[in-house]
Amino acid sequence: RAVPVFDDDDRITSWMGAASDITDRKTAEETQAILNAELAHRMKNTFAIVQAVVSQTLRQAASVDEGRAAIQARLGALSRAQDILTGSNFTLADTGTIVAAALKPHHDVQGRIDASGPAIDLAAQQALGLSLAIHELGTNAAKYGALSNADGTVAISWRHDEGAFVFDWVEAGGPPVAMPTRRGFGSSLIEQIVASYFSGEARIDFDPAGIRFRLDGSPGT
């Protein structure tokens, strides 16, 4: 900024100027713009998940009440994972924290669920996907599997295996498992949608001794 100084004859005799360093302000503005764009991207991904959950759940529900209950439960699982991501600025979330949050609806049988694994960070969409997978597995276990009786157990583990992320869910002690005659949205959600978030593979095995689920993929991508 510059301001002229005039004499009595209105002639410029000198200039007075000042300069301000706005580097920090511009850097902050650019950083905020990047964060806003990233937040918008993550919100679109979340809305896409919600849209898929709602539409597919209603499509396969036997009644409106059943569909409403299933949607509320699935969105609840997403909400708990979203709370964790909010605390981490929507960047990475620890696998153990995500597992613990997803298992909250089964707090009354926590003594029969063993969950263990090292600290492994997951990307935001992976955290949401894994939370949904655990919700589906837990709901099925409570209704038909290892958590539907008084003796069944669930062993959950995760680890790094030659750079890959491996997640296992193994049920035991529940009623004998039979191969379902129809695969529902829950199975598709676990084996296809969640696996795609990890750029890997997911498989549910209907072992007569108990359902087994394994996810192999890449963490934090």
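Me: Is Glu 162 buried or exposed?
Reply: In this predicted model, Glu 162 is exposed, because its relative accessible area is 83% and the cut-off for that word is over 50%.

Me: What about its backbone, what is phi of Glu 162 near?
Reply: Phi of Glu 162 is near 55°, which is a positive value in a residue other than glycine.

Me: Okay, which phi does Asp 10 have?
Reply: Asp 10, which is not a glycine either, has a positive phi of about 60°. Asp 10 lies in the loop between strand 1, residues 2–6, and strand 2, and with 63% relative accessibility Asp 10 counts as exposed.

Me: Moving to strand 2, which residues does strand 2 cover, and where is Trp 15?
Reply: Strand 2 covers residues 12–17, and Trp 15 is found in that strand.

Me: Why does Trp 15 count as exposed?
Reply: Trp 15 counts as exposed because its relative accessibility is 55%, and the word applies to values over 50%.

Me: New topic, how much space lies in the largest pocket?
Reply: The largest pocket holds about 1000 Å³ of space. Its lining is made of 33 residues, and those closest to its centre are Glu 136, Asn 140, Tyr 144, Gly 184 and Gly 186.

Me: Which elements give two or more residues to that lining?
Reply: Helix 1 (23–60), helix 2 (64–87), helix 4 (124–143), helix 5 (185–197) and strand 8 (201–207) are the elements that each give two or more residues to the lining of the largest pocket.

Me: And how does the lining split by class?
Reply: By class, the lining of the largest pocket has 16 nonpolar residues, eleven polar residues and six charged residues.

Me: Last one, where does Pro 105 lie?
Reply: Pro 105 lies in the loop between helix 3, residues 95–102, and strand 4, residues 113–116. With a relative accessible area of 41%, Pro 105 is partly exposed, because that value falls between the 20% and 50% cut-offs.

Me: How far is Pro 105 from Thr 139, C-alpha to C-alpha?
Reply: The C-alpha atoms of Pro 105 and Thr 139 are separated by 9.0 Å, while the two residues are 34 residues apart along the chain.

Key
Residues are numbered from 1 along each chain as its sequence is written. This is a predicted model: local features need pLDDT of at least 70, side-chain atom pairs count only at pLDDT 80 or more; totals for chains, interfaces and linings use all residues. Side-chain values use heavy atoms; hydrogens and water are left out. Helices (H or I, at least four residues) and strands (E, at least two) are DSSP runs, numbered from the N terminus. Buried means under 20% relative accessible area, exposed over 50%, partly exposed in between (1.4 Å probe, protein chains only). On a 1 Å grid over the protein atoms alone, a cavity is a set of points where a 1.4 Å probe fits but cannot get out, and a pocket is an open set with protein on both sides within 12 Å along at least five of seven lines; lining residues have an atom within 4 Å of a point. Grid points are joined across faces, edges and corners, and a volume is the space filled by probe spheres set on the points. Ala, Val, Leu, Ile, Met, Phe, Trp, Tyr, Cys and Pro count as nonpolar, Asp, Glu, Lys and Arg as charged, and the others, Gly among them, as polar.
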